[in-house]
Amino acid sequence: MSYKKNITRYSIALAITALTVSTQSLQAQDKSSLKKVFAKDFGIGTAMSAAQIEERDPKANAVILQHFNMATPENIMKAEIIHPQWDVYNFDLADKMIAYGQKNKIKINGHTLIWHSQLPAFARNIKSVDSFRTFFTNHINTVAGRYKGKIFSWDVVNEALNEDGTMRKSIFLNRLGDDFVTEAFRLAAIASPKTELYYNDYNNEQPAKRAGCIALMKKIQDAGVRIDGVGIQGHWHVGKVPFKDIEESILQYAAMGLKVMFTELDIEVLPRSFQGADVNQRVASNPALNPYKEGLPDSVQQQLASDYENLFKLFLKHKDKVTRVTFWGVNDGQSWLNDWPVRGRTNYPLLFDREFNPKPAYYKVIDTKK
Ligand code: XIL
């Protein structure tokens, strides 16, 4: 064999090795970050607690920066915290959240302007329609106005519907009538013109509630008021994720010209007597309701992983319609599902365990991109 041929063979072999090494390192790098793996598909978000916003939890902070490019404050923009009294606003933590997002290139979804839960006592006690309307208008103008040009999106109205698709008999409906949803979007669009505006709810993938949700959003559109997207919270239960309803919802909502988001994703593994995510619905503690204190059985771990895998396959199938998938919390230990609807349980609903290690579900989710 000539010297020249040998050289050519040698360089081809080198090139192949280099290529293998670089794809391997790409895969290794990819596996280590949700936001990188799904960069071309949809945003990947997490809910952030006050401690996380203030960067008081270094391990959580590292995971957030590695995996997420979108975030929603879990509580601190809710009315009871941001607007505790008639003329008192508490913007400290919300300002920090916005600064955190700017510093780390994380898009912030404001949660939430109008919601019947976690309302301050003063608002719950307003009897006069005029005063209630003033509270409603001031609240949206002041809070949405403050983050104008700084916040990516708002959940303008949260959970205005009952399970059968009718309007929830909330204080907003009671004082303002059922146009309050359209009014909230109208005010938000004026206060923060460049911010995306969403309607957000749980179980709105279920057919009856979905029909009500479509009617409600159609009403907003018909009034000539801007609405950009719809959030399906996605608080589901292991082994019972309603894939068919979810797919139909993605298609039907997208057909209205709306972006579709999964805004509070978690899959709980503990027994539950009802569906949904009404934060006011609670169940008394009982050891039988807390079966996995010492650890999650492997069969449940595998089912959880497979549910997450199938969900992400579905999201990818409709990546032209799904713009964001947000998990409701960073790791299992910090999930609200340890305390709701039953206090003091040990739940396992997310992709990272209590030590911030990726769970089998994490790898299944990543592998949907293979
Ligand atoms: C939850 C928070 O995670 C808890 O910390 C808080 O105590 C109650 O609210 N739907 C929503 C979220 O829109 O705001 C709720 O968050 C969960 C259900």
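An oxygen atom of the ligand lies 2.9 Å from an N or O atom in the side chain of Asn75, a polar contact being a pair of N or O atoms within 3.5 Å. The side chain of Asn158 likewise places an N or O atom 3.0 Å from a ligand oxygen, and a polar side-chain atom of Gln118 is 3.2 Å from an oxygen atom of the ligand. The protein buries 85% of the 420 Å² that the ligand exposes when taken alone, with accessible areas from the Shrake-Rupley method and a 1.4 Å probe.

## Basis of the values

This is a predicted model, in which local features need pLDDT of at least 70 and side-chain atom pairs count only at pLDDT 80 or more, while totals for chains, interfaces and linings use all residues. Residues are numbered from 1 along each chain as its sequence is written, and side-chain values use heavy atoms, with hydrogens and water left out.

## Residues around the ligand

Notes: Polar contact = N/O pair within 3.5 Å; in protein donor to acceptor, adjacent residues only side chain to side chain.
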